[in-house]
Amino acid sequence: QEAKTSGLPEYVKIVEVGPRDGLQNEKVIVPTDIKIELINRLSKTGLPAIEVTSFVSSKWVPQMADHKEVMRGIERYPGIQYPVLTPNLQGFHSAIAAGATEVSVFGAASESFSKMNINCSIEESIDKFEEVVKAARNMNIPVRGYVSCALGCPYEGNITPAKVAEVSKRLYSMGCYEISLGDTIGVGTPGSMKRMLEAVMKEIPLNALAVHCHDTYGQALANILTAIQMGVAVVDSSVAGLGGCPYAKGATGNVATEDVIYMLNGLGINTGVNLYAVMEAGNFICTALNKKTNSKVAQASSSIGTLN
Amino acid sequence: PALELSLSPQVSAAAAAAGAFPKRVKVVEVGPRDGLQNEKTVVPTPVKISLINMLSETGLQVIEATSFVSPKWVPQMADHTEVMQGINKLPGISYPVLTPNLKGFQAAVAAGAKEVSIFGAASELFTKKNINCSIEESLERFDEVMTAARAASIPVRGYVSCVLGCPYEGKISPAKVAEVSKKMYSMGCYEISLGDTIGIGTPGSMKEMLTAVMKEVPVGALAVHCHDTYGQALANILVALQMGVSVVDASVAGLGGCPYAQGASGNVATEDLVYMLNGLGIHTGVDLQKLMDTGTFICNALNRRTNSKVSQASCRL
């Protein structure tokens, strides 16, 4: 019998991806000191994990060109994880030299997406990650694995749950401690989320799974709720919903951390995160970016001035 | 690709077979009334009529057309008689109108209305501030409408506002919502639409409230009317569906801000709701593309951006 709203996890870990995934998909290049200020503010909200930057070539991702300065410049609070993206061994070594103590690798469940994004097949990308994971294991550095296009691909359309399970299993077996399943273009709905998770959960323990939902079609919270109902207890989100969708001009991308926390608070699920503090950090970065927040909670609260 | 994904027969059949959700959901379109009523720009009558006519072509079965309320209170709905008389009424589609009192009811029927709605609330303070009387007194007023409607064989839909929270009272007890819903149902309303008026509900409070209400009103007579002011609408609707609710109110393009939080959004967008229901393999009969086109039309007329994420994402197509 499907669990409805009972049997939810008591605690959900929020992985804040605003400074990396969020800013990476914002047009305006953010000065280094603003990035550092944002991360420092986020560190004071109770968030347990904050994705800081990406050690990728600045030729590909100019927004992340200051990865070393950011990594070295932020305050590192005890108990908070500060993972960084490392697409290859070179990036990994650079990250370690800059003080990183956790890294992430990005796979995809779609061959076309893999080819278009990093110009190689899924298999080839996994070989590259294997180098990173090996090096990381030698240094006791935990590695998080992302699987993109888990609910659909901008090029291939439908993605089979079996494929997602297969790629997730490869990353997990190789040594990733957690697999974050990404609905990269936000096309998923609770039905496809459920089917995909059912397939993946056959291969990977529940406590090693996370969901990374995009809100491009407004489905993120419903999809996250579905995942939580199935026992997933790690959710990625982005302060102020930073980060548009590179595949749908003008559309939104990441789900807003504030809106996720609002929902989890209402469900009585503990996150350890102070919603007001996150809203303040969101307000800070939106002012710096000269843009309106994508968080509905922030929009509603700024007009009322207070939350019930 | 997204539209194809949500509509592919394979996906739909597999999802419907999952069994946890209703197979069909009736979408009640409230854009022309609730939506426009909460938009600042007063919309010309011909535009309202075109909007409703376009909605009539999308497959929607219920379209709330207007409100027979005094134009002193709601200037946007001053043209209620013209709208009611001007729209194409397609067979098989219901065009309910709001009738806050007997006078409004009579005017509605004279203008050709075949279904009406009345609005109660689960909060005393909200009722006092909104219509200057107590809940009990408001129900007495509605009794007049109910009696007249029964005599004319006109079905009446009941709304209960503030079911998950009140802008004045804050928390609202599920028991109170159940009590007011039961009264309105016993009075003769064929359906009770439970409204999260300020959008503060979350799946937890939705579940609690529905559990209480379902003890008093059969689930087949229940609808949910969720506002997206805090981004929670689709998650709340999902929970309602899981509990067996199969009627959902929504507003094309997410028309209608929140009168209690300036600049914040209000109604959930019909496009986003239909997208989710399609993905779940739940039948609505609604053509999403035609719906999006209608949303584009009214947003152009209002000179505003859509609140529908599906529309925003698809506009490059």
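## Salt bridges

Over all chains, a search of the whole structure finds 23 salt bridges, a salt bridge being a side-chain nitrogen of Lys or Arg within 4 Å of a carboxyl oxygen of Asp or Glu. This is a predicted model, in which local features need pLDDT of at least 70, side-chain atom pairs count only at pLDDT 80 or more, and totals for chains, interfaces and linings use all residues. Side-chain values use heavy atoms, with hydrogens and water left out; residues are numbered from 1 along each chain as its sequence is written, and chains are lettered from A and ligands numbered from 1 in the order in which they are written.

One of the salt bridges links A:R144 with A:E178, and their closest N and O atoms are 2.8 Å apart. A:R144 lies in strand 5 (residues 143-148) of chain A and A:E178 in strand 6 (residues 178-183) of chain A, so the pair ties together parts that are 34 residues apart in sequence. Helices (H or I, at least four residues) and strands (E, at least two) are DSSP runs, numbered from the N terminus.

## The sheet of chain A

Chain A has an open sheet of eight strands in the order 2-1-8-7-6-5-4-3, with parallel pairing. Two strands pair if DSSP finds at least two bridges between them. Strand 2 (49-50) and strand 3 (84-85) of chain A stand at the edges; each has a single partner strand, so one side of each is left without a neighbour in the sheet.

Two bridges pair strand 3 of chain A with strand 4 (residues 103-108) of chain A in the parallel sense. Here A:V84 stands opposite A:V103 in strand 4 of chain A. Helix 7 (residues 161-174) of chain A packs on the sheet and touches strand 4, strand 5 and strand 6 of chain A; its direction makes about 165 degrees with that of strand 5 of chain A. Contact means heavy atoms within 4.5 Å. Axes are lines fitted to C-alpha atoms, for helices over the stretch in contact, and angles run from 0 to 180 degrees between N-to-C directions.

## Helix pairs of chain A

The axes of helix 6 (residues 122-138) and helix 7 of chain A come within 9 Å and cross at roughly 25 degrees. Helix 6 of chain A is therefore roughly parallel to helix 7 of chain A; angles under 35 degrees count as roughly parallel, over 145 as roughly antiparallel, 65 to 115 as roughly perpendicular and the rest as oblique. The residues of this contact divide into seven nonpolar, no polar and five charged. Ala, Val, Leu, Ile, Met, Phe, Trp, Tyr, Cys and Pro count as nonpolar, Asp, Glu, Lys and Arg as charged, and the others, Gly among them, as polar.

Helix 5 (residues 111-118) of chain A and helix 6 of chain A have axes that come within 9 Å and cross at roughly 60 degrees, which makes helix 5 of chain A oblique to helix 6 of chain A. A:E111, A:S114 and A:I118 of helix 5 meet A:I122, A:S125 and A:K128 of helix 6.

## Strands and helices of chain B

In chain B, strand 1 (residues 26-29) runs parallel to strand 9 (residues 247-250), and four bridges join them. B:K26 has B:V247 in strand 9 as its bridge partner. Strand 1 of chain B is also joined by two bridges to strand 2 (residues 62-63) of chain B, again in parallel, with B:V62 as the bridge partner of B:V28.

The axes of helix 11 (residues 233-242) and helix 12 (residues 270-279) of chain B come within 11 Å and cross at roughly 45 degrees. These two helices of chain B are therefore oblique to each other.
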